[in-house]
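Me: I'd like to go through this structure with you one piece at a time, and I'll ask as we go.

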Amino acid sequence: LRIDFYSDKKNYLFSKIIKANDIVTLIQGSHGFKTIEPVEMLEVKQGPFHAKRDKIKFENIDEKKIKII
């Protein structure tokens, strides 16, 4: 699973590949997920979460600009 990280101003920052048993805690900014292979994951959001109000769609990042760290 690849996680793409974005600033509060929707600017792409970097990406990280996570593997089985990895844990990620997101405190600030935004993120997106890209599945690289079949995956089972659990995403927990501290509520309340209103899908129409709290979810923001981003433009897809050009795969050539992905920076894996």
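Me: What relative accessible area does Lys34 have?
Reply: Lys34 has a relative accessible area of 36%, so the residue counts as partly exposed. Here buried means under 20% relative accessible area, exposed means over 50%, and partly exposed is what lies in between, using a 1.4 Å probe and protein chains only. Please keep in mind that this is a predicted model, in which local features need pLDDT of at least 70 and side-chain atom pairs count only at pLDDT 80 or more, while totals for chains, interfaces and linings use all residues. Residues are numbered from 1 along each chain as its sequence is written, and side-chain values use heavy atoms, with hydrogens and water left out.

Me: Okay, and which residue does Lys34 form a salt bridge with?
Reply: Its partner is Glu63, and the closest N and O atoms of the two are 3.9 Å apart. A salt bridge needs a side-chain nitrogen of Lys or Arg within 4 Å of a carboxyl oxygen of Asp or Glu. Lys34 lies in strand S3 and Glu63 in the segment after H1, so the pair ties together parts that are 29 residues apart in sequence. Helices (H or I, at least four residues) and strands (E, at least two) are DSSP runs, numbered from the N terminus.

Me: What else does the side chain of Glu63 meet in a salt bridge?
Reply: Glu63 also meets the side chain of Arg2, at 2.9 Å from N to O. Since Arg2 lies in strand S1 and Glu63 in the segment after helix H1, which covers 51-54, this pair ties together parts that are 61 residues apart in sequence. Arg2 has a relative accessible area of 7%, which is why the residue is called buried.

Me: And which residue does Asp4 pair up with in a salt bridge?
Reply: Asp4 forms a salt bridge with Arg2, where the closest N and O atoms are 2.8 Å apart, and both of these residues are buried.

Me: How many salt bridges does the structure hold?
Reply: There are three salt bridges, and Arg2, Asp4, Lys34 and Glu63 are linked by salt bridges into a network.

Me: Let's change topic to the sheet. What is the order of its three strands?
Reply: The sheet is open and has the order S2-S1-S3, with antiparallel pairing. S2, at residues 12-17, and S3, at residues 30-34, are the edge strands, so called as each pairs on one side only. Two strands count as paired if DSSP finds at least two bridges between them.

Me: How many bridges join S1 to S2?
Reply: Five bridges join S1, which covers residues 2-6, to S2, and the two run antiparallel. Strands S1 and S3 are also antiparallel, and they pair over five bridges.

Me: Which bridge partners does Asp4 have?
Reply: Asp4 has Ser15 as its bridge partner in S2, and in S3 the bridge partner of Asp4 is Gly32.

Me: Why is S1 described as largely enclosed?
Reply: Five of the five residues of S1 are buried, so the strand is largely enclosed by the rest of the structure. Both faces of S1 are covered, with Arg2, Asp4 and Tyr6 buried on one side and Ile3 and Phe5 buried on the other.

Me: What's in the hairpin of S1 and S2?
Reply: The hairpin has five residues between the strands, and within the hairpin Lys10 takes a positive phi near 70 degrees. Ser7 is found in the loop between S1 and S2, and this residue is buried because its relative accessible area is 19%. Leaving aside neighbours within four places in sequence, Ser7 is in contact with Leu13, Gly29 and Ser30, where contact means heavy atoms within 4.5 Å.

Me: Last one: where is Phe33, and what is Phe33 in contact with?
Reply: Phe33 is found in strand S3, and at 35% relative accessibility this residue counts as partly exposed. Again leaving aside neighbours within four places in sequence, Phe33 is in contact with Leu1, Arg2, Ile3, Met41 and Glu43. Although Phe33 and Leu1 are 32 residues apart along the chain, their C-alpha atoms are separated by 6.9 Å.
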